[in-house]
Amino acid sequence: MTMSAGWYLRRLSRMGPREVAGRAGDTVRRRRWRSAPPDCPSVTGARFTAVLPAGTIAAVPADAAKRLVAEADRLMDGHAEFFGVDRDDLADPDWSYDPKTGRRAPRGYAFDVPYRDEDTVGDIKQIWEPSRHQYLTVLAAAYAVTGDERYAERVAEHLRSWWAANPPLRGVHWTSGIELGIRLLSWVWIRRLLDGWPGAAALFEDNPVALQQIWHHQRWLAAFPSRGSSANNHVVAEAAGQFAAACAFGWFPSSARWRADALRSLDRQLRANTFLSGLNRELATEYHGLVLELGLAALAEADAAGVPVPATVRLVLLRMTDALAAVVDSRLRPPRQGDADDGHGLVVDGAGTDRWGSLLATGDAVFGRLPWWPAVTGTDVRTPLLAALVRPYTKNGTASAVSRPADRPAHFADAGMTILRGQDERPEIWCRCDGGPHGFLSIAAHAHADALSVEVRHDGVDVLADPGTYCYHGQPEWRRYFRSTLGHNTLQLDGGDQSVSGGPFLWTRHARSRVLVADTADEGVARWCAEHDGYEPSVHRRQVELTAASRQLRIVDEVRGPRRAVRLVFHLGPAVTADLVGNRARLTWTRDGEDRSAALDLPEELSWRAHRGESDPPLGWYSAGFGRKEPTTVLIGTGFAVGTRGFTTVLGFHG
């Protein structure tokens, strides 16, 4: 996907003067570096001291270690899966190759590479992901757990290969700050986990090529931070990686300055990217997870190096952890809101490890769990590693002054998210209602046009589902669908989106929502009501009511304004089968071998049809993860909104 002149004008219109000036300076610097790249200073006597405390590896649970080693063995055989593409070439990877399109990215000056152009470069996510080197942190962790030098030798082989193939400022791996930041964090942990291996020092601190790579990564991040309207999760990754490297690899004349600057940026950006309630301002749940992982990893480096951090860093991470504990369902699944690209901050676990359970386990170890937190029964490798480095929050002198929720929060007013729960001795009914801001910053890069959408689960199974994200670059029709109003459980007027898109990561007009009612205190009936102005002069208002005793969810949609064409949309989860007759759909699915069912009574004023797995245009799809999609059923009612007449939908669960 190449960017048109119109896109650049729209993008420029979302920037302030300071950002424009900063980007102009970046352009000048890129041109200067082409002919006169910065030189890495000579380094002597470098030593790595940021090691794990004695006994840390012994604290790794046996079942988590077993999953880790199984994953490492699969990687040793050359097998990995990235974004739905199975690869068998990881024994000797081509770092510029995209197996999805068969293309190789150009190897010229980094800032000349048109990385958004799939016809020239290939699928950039497929090329970038292995070069985050998070599969190498898995191999390094397997070495730490087993002592088997085969894992360490493979890591060393691949790092030397990558460094040789990607000299500073050459090729696609030097074009994006988030990639450099995450890669630095991976290198820190690789060196730490390989510390018992005799070849570790020769690979890193005694290796001039490694020293040059580490220095150039940090110099790049210091020169080209994400700015202004782009200062989202990317800038957090940049700061976290820069800070981690400046702490653990503090061997350069600029290390102290880089460390101080990165810590200031990390503190500022964690606060800027997080609501006071603890939810991420991008309103994209996977980025909440990414930012929390990055923040915890940076905190571990600070405490390992004895670098004091502002109290606000720990406070934001604490609030993020409590917020995550509050919003997950009974199976520890968080909302599927906004963009998701399977991005992780630190990976040292094998397949089958629950990401969200792992984060809550780390939160318990670092901050202490609250009585209302859901139970975490799974195990992981990452928690004991991070917990060994991070100073427990309860031993921090400021901990007693921090107010944490006495009861499980259900309404996050600043984020506009409300969780309705129908929970007794029967399986949980979980419903997320969206009445928050369209997204973060002026471009709302990772937002979807999903105002007033609902997401409903029964015992952790998606019944009314958020379809997900699927892709970013290269498939514009699919990108448009998955972030559209039609792609969410809400109401569409006149065939358009509530917010106006200016490109795949750009919204030029944002629908404004406001929550009118959020009553979750009544254990018998939970109520929510909100409205948005995305279809001016009309206003869409939605009321949702969950009655625990009758196991019934009632949704009432009103359109106030002139007569408009309506499409009311309900996406079903991939496990759900629908039998639609007239305006009633019988829903069935299986959970843990048991048959479950529900009845969905749809507004009779609309004409209802079921769609599934259509491609021209896309309709009826669910993406469980980035790069993966599967057909699912979507029920669409068409008609007209006249006056203030409401459309009533009732979802009743049988058990």
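I take a salt bridge to be a side-chain nitrogen of Lys or Arg within 4 Å of a carboxyl oxygen of Asp or Glu, and I apply this to a predicted model.

Entry one. I looked up Asp119 and found that it forms a salt bridge with Arg103, with 4.0 Å between the closest N and O atoms. Asp119 sits in helix α4 (residues 118-121) and Arg103 in strand β4 (residues 103-104), so this pair ties together parts that lie 16 residues apart in sequence. I noted Asp119 as exposed, at 62% relative accessibility, and Arg103 as partly exposed, at 30%.

Entry two. I then turned to Arg47, whose salt bridge with Asp206 has its closest N and O atoms 3.5 Å apart. This pair links distant parts of the chain, since Arg47 belongs to the loop between α2 (17-35) and α3 (62-76), while Asp206 belongs to the loop between α9 (200-203) and α10 (208-223), 159 residues apart. Arg47 counts as exposed at 53% relative accessibility, whereas Asp206, with a relative accessible area of 46%, is partly exposed.

Which residue's side chain meets that of Asp195 in a salt bridge? I found Arg191, at 3.0 Å from N to O. Asp195 is partly exposed, with a relative accessible area of 33%, but Arg191 is buried, with a value of 4%.

Notes:
Residues are numbered from 1 along each chain as its sequence is written. This is a predicted model: local features need pLDDT of at least 70, side-chain atom pairs count only at pLDDT 80 or more; totals for chains, interfaces and linings use all residues. Side-chain values use heavy atoms; hydrogens and water are left out. Helices (H or I, at least four residues) and strands (E, at least two) are DSSP runs, numbered from the N terminus. Buried means under 20% relative accessible area, exposed over 50%, partly exposed in between (1.4 Å probe, protein chains only).
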